[in-house]
Amino acid sequence: MKKNIFYFVFIFFIFSQIAISQVAEDPEIKQMISEVKAQNLEATVRKLVTFGTRHTLSDTKSKTKGIGAAQQWVKSEFDKYALESGGRLTSTIDYFTVKADGKRIKVDSQLGNVMATLKGTDPNDTRVLIISGHLDSRVSDVMNVKSDAPGANDDGSGVAAVMELAKIMSKRSFSATIIFVAVTGEEQGLYGARHLAELAKASNWNILAMLNNDMIGNSLSNGTNLRDNTQVRVFSETIPFLETEEEAKMRKATNRDNDSPSRLLARYIKMVTEQYVDQLSVKLVYRNDRFLRGGDHTPFSQNGFTAVRFCEMNENFDHQHQDLRTENNTKFGDLPEFMDFDYLRKNTCANLAVLANLAWSPKAPVNVGIEVKNLSNSSTLIWNAPADKPQFGYQILMRETSSPHWEKTFFVKDTKAEIPYSKDNYFFAVQTVDALGHSSIPIFPIPIR
C-alpha cells in the first residue's frame, strides 16, 4: 500500500512539473480576444471613410469632412471608452507645428496625433507600450488635399485596430502603461510618428515595445490573385540605428545580427500570436520595412526604441494611393469593399495578445550572460532577477543558428541553468515568466569570463 502511494505521489509530481514547464494561457486574454468583432472593425473603417479625405493638410475646421473632423471623432470615441475605465484612460489631441519642407509640406502646418493613454496600475512600473495606426490618407497625388481619399485599408485598418483595442483593454487594469495612438502626417513623411518618438526620447519614456499597424485588412493581392488570410508580416530591423561602438563590437563577437531588440520582439510576437490566435501565423520579415519603403515605427527605431511593423501578407496596389476611378473594368481606390474584415479581426487579436502579455508580464531578467571561461559541450546561462518582486520562474529559449524563430524552451526556477546543448551550435535568450504564462521580452546573453 505504501509503495502504491509513493508511486502515485511520484507520478503526480512528474506531471505537475511537466504542466509547469508548459506555456500557460491566460483565460482573460482569451476572453478579450473573443470580444474583438469583425463587424465593429468594419463599422469604424466605414465611419473613417465618411470624412471624404483625411489628407494631413486637408480641412481642419469642418465638423464632417477632412482630417480635423476625423481627429475629433476618434477622440470622442476614446472619451466614450474612458467612461468605463475607472478614470485610467485619458485622451488628447497632441498638436504640433511642422515647418514647410519644400516637398510634401508646402506651408507651416499644425498637425495632431490622437492619443489615448491607459495608465498602468503599478507606480513602480515605468514601462510604456505603444500601438499605432495612421489616420491620414491620400490618393495618387500625395499633394491632392481635395479629392476623396477613403483610406479604408491604408490605414483605416490600423486605426480601427487601435480603437478596438482601446475600447476592450481600457476595461481592464494592467501594470504597464499602454498608449493607443492614431498618428497623422505619415503619408507626408512620418511627421506624426517622428514627433511622438522625439517627445518620448526627450521625456525619457521607458518604451518596452512600439507596434505599428499599417495596412492589416486586405488578404487579396493584385496581379497574382493570391489570397492569404492566415499569415501576417512583422518587419523588424537587423542592426539598431543607434548602435554604439561597444554594442557593435559585442554584436560581431557573438554573431547576434539577427537578435536586435526589435527582432527579439518580432519573435515574441510570433510565439504569442500563434499561441492565442487561431488560424494566424506570423511571417518574420528580416527588413525594417518593405523594400525601400517606410512606416511609423521607423522614427521610433531611429530614436533607439524597440519597434516593429505589422502588415498584411499580400498588398493590393490597385487599392492603395489611388484616385477613385474605373479603367478597363478594374475599379481603383482604397474602399471598404475590398477589405477582409475577418482577417483584420485576427490581426487585431494578435496585437491584443502581445500587448496584454507584455503589459501584465514581469520585468525582464537583468545581467543575462553565458559562461565562456571553460570549453564545454553544454551551455551555462546566468542572470539576475528583476528587482521589483519575487519571480515565478524563467524560460530559456533556444534555436539553431540558422533558424528564424525559437525552437525549444526550458523552464527553470533558479537564476542559473546548465543546458546540454553547445553554445557553438545554438542561440539562447532568457525571459521572466509568471504563473499565468505572461512572459517578458527575451534578453540575449553576453559572454561571461
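How far apart do the end C-alpha atoms of residues 364–449 lie, and what percentage of the span is helix and what percentage strand? I was working on a predicted model, and in it I found those end atoms 22 Å apart. The span came out as 0% helix and 47% strand. I had picked these residues from UniProt, where an unreviewed entry lists 364–449 as "domain: Fibronectin type-III".

I looked up the partners of β12, residues 379–384. Strand β11, residues 366–371, pairs with β12 in the antiparallel sense, and I counted three bridges. In that pairing, Val-366 stands opposite Asn-384 of β12. Strand β15, residues 416–419, also pairs with β12 in the antiparallel sense, over four bridges. There I noted Leu-381 with Ala-417 of β15 as its bridge partner.

**Entry: Glu-400**

I then went to Glu-400, which lies in strand β13, residues 393–400. Is Glu-400 buried, exposed or partly exposed? Its relative accessible area is 39%, so I put Glu-400 down as partly exposed; the buried class would need a value under 20%. Leaving out neighbours within four places in sequence, I found Glu-400 in contact with Glu-407, Asn-425 and Tyr-426. I also checked Glu-400 against Gln-279: the two are 121 residues apart in sequence, and their C-alpha atoms are 26 Å apart.

**Entry: strand β4**

Next I turned to β4, residues 177–183. How many of its seven residues are buried? I got seven of the seven, so the strand is largely enclosed by the rest of the structure. I sorted the side chains by direction: Thr-177, Ile-179, Val-181 and Val-183 point one way, while Ile-178, Phe-180 and Ala-182 point the other way. Both sets are buried.

I looked up what β4 pairs with. Strand β2, residues 109–118, runs antiparallel to β4, and five bridges join the two. Strand β3, residues 127–134, runs parallel to β4, with seven bridges between them. Phe-180 turned up in both pairings: Phe-180 is the bridge partner of Ala-116 and also of Ile-131. From β3 the chain passes through α5 to reach β4, and I recorded this β-α-β crossover as right-handed.

**Entry: Lys-171**

The loop between α5 and β4 holds Lys-171. Its relative accessibility is 42%, so I classed Lys-171 as partly exposed. Setting aside neighbours within four places in sequence, I found Lys-171 in contact with Glu-84 and Arg-88. Tyr-81 is 90 residues from Lys-171 in sequence, yet the C-alpha atoms of the two are 8.1 Å apart.

**Entry: helix α2**

Last, I looked at α2, residues 27–35. Which of its residues are buried? I listed Ile-29, Met-32 and Ile-33. Viewed down the axis of α2, the buried residues fall within an arc of 100°, so they line one face of the helix. An α-helix has 3.6 residues a turn, so residues three or four places apart point the same way.

I asked what covers the buried residues of α2, and found that the cover includes α5 (156–169), α9 (261–276) and α11 (341–360). At the N-terminal end of α2 I found a cap, Asp-26. One of the side-chain oxygens of Asp-26 lies 2.9 Å from the backbone nitrogen of Glu-28.

Key. Residues are numbered from 1 along each chain as its sequence is written. This is a predicted model: local features need pLDDT of at least 70, side-chain atom pairs count only at pLDDT 80 or more; totals for chains, interfaces and linings use all residues. Side-chain values use heavy atoms; hydrogens and water are left out. Buried means under 20% relative accessible area, exposed over 50%, partly exposed in between (1.4 Å probe, protein chains only). The arc is that of the directions from the helix axis to the C-beta atoms. Contact means heavy atoms within 4.5 Å. A polar contact is a pair of N or O atoms within 3.5 Å; within protein, one must be able to donate a hydrogen and the other to accept it, and residues adjacent in sequence count only if both atoms are side-chain atoms. Two strands pair if DSSP finds at least two bridges between them. A crossover is right-handed if, with the strands pointing away from the viewer, the path from the first strand over the helix to the second runs clockwise. UniProt positions are given in the numbering used here, feature names are shortened, and annotations may be inferred rather than shown by experiment.
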